[in-house]
Amino acid sequence: MPISCIIVEDEPLALERITSYVKKLPFLNLLSSFDNGIDALVFLKANKVDLIFLDINMGEFSGLQLLEAANISADIIITTAYGEHAIKGFELNVTDYLLKPFTFERFVKAVERVKVQSLGNMESDHRIIFIKTEYRLEKYRLSEILYIEGMRDYRKVHTVNKKVMTLQTFSDFEAEIPASLLCRVHKSFMVAPAQIDSIEKDRIKIGDVLIPISETYRKKFFEAINLQGK
């Protein structure tokens, strides 16, 4: 699966290193590289890109400003010497963080996450599950599910269009669906990572709903969304 990419990096040595890493992976197609966010923004408005390697600190127009200014559908891998913006990066749909100086092995791991996430998105868009409710099985696409809420003996499945009650347990859902697509975050909640709008401290926001993250499930959840507990 070819992946088109660009590099946005104002440090010449870092740009040279990332370029050399990209060229070692035959499925990466480097379209261009930029030493500032403004030129990159102009390019992105006119060209489709699958992946962006993006530095954060770049003079007057930072990488985070670029993400906020543009409606970017590409996967983002941040390349930076600073790790304090991880949560903010997730809110802007960043796939991974590469902390400088990073090795080629760590670079490959980040790119593999892009491949897995792309496949996961395609899987969730097309994969279906059957949820038992009352005396019938109802069919749903995984991409329709927002979160699942525990209510005593029942689970309430919140979807884009409706809510459905089921006696299926959280363990049933965990056994059937990968954590990258539907993840346990609390004894009473599972969430679809793709549906998360933001994370603040120990709370997840999906639409107008705030969902707690418990310490028991915290590590597994952040691993599922590729932030490794940051």
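**Strand pairing, core and backbone**

Guide: This is a predicted model. Isoleucine 52 has isoleucine 76, in S4, as its bridge partner.

Visitor: In which sense do S3 and S4 pair, and over how many bridges?

Guide: Isoleucine 52 and isoleucine 76 are bridge partners. The pairing of S3 with S4 is parallel and extends over 5 bridges.

Visitor: Which strands stand at the edges of the sheet?

Guide: The open sheet has 5 strands in the order S2-S1-S3-S4-S5, paired in parallel. From one strand to the next, the twist averages 20 degrees. An edge strand has a single partner, so one of its sides is left without a neighbour in the sheet; this applies to strand S2 (28–34) and S5.

Visitor: What angle does the direction of helix H1 make with that of S1?

Guide: Helix H1 (residues 12–24) packs on the sheet and touches S1, S2, S3 and S4. Its direction, compared with that of S1, gives an angle of about 170 degrees.

Visitor: Which element gives the most residues to the largest nonpolar core?

Guide: The largest nonpolar core has 21 residues, and Ile52 and Ile76 are among those with the most contacts inside it. Elements that give two or more residues to this core include strand S1 (3–8), strand S3 (51–55) and helix H3 (63–69). The element that gives the most, with 4 residues, is H2.

Visitor: At what angle to S2 does H2 run?

Guide: H2 covers residues 37–46. The helix H2 lies across S1, S2 and S3, and its angle to S2 is about 130 degrees.

Visitor: Is glutamate 134 buried or exposed, and what is its relative accessible area?

Guide: Glutamate 134 lies in the loop between strand S6 (128–133) and strand S7 (136–141). Its phi is positive, about 55 degrees, although this residue is not a glycine. Since exposed means over 50% relative accessible area, glutamate 134 is classed as exposed, with a value of 60%.

Visitor: What is the relative accessible area of lysine 201?

Guide: Lysine 201 is found in the loop between strand S13 (198–200) and strand S14 (203–206). Lysine 201 is not a glycine, yet has a positive phi of about 55 degrees. The residue is exposed, and its relative accessible area is 73%.

How values were computed: Residues numbered from 1 in each chain as written. Predicted model: local features only at pLDDT ≥ 70, side-chain atom pairs only at ≥ 80, totals over all residues. Heavy atoms only, no water. Core = buried A, V, L, I, M, F, W, Y, C linked by side-chain atoms within 4.5 Å. Buried < 20%, exposed > 50% of the residue type's maximum accessible area, 1.4 Å probe, protein only. Pairing = 2+ DSSP bridges. Axes fitted to C-alpha atoms, helices over the stretch in contact; angles between N-to-C directions. Contact = heavy atoms within 4.5 Å.
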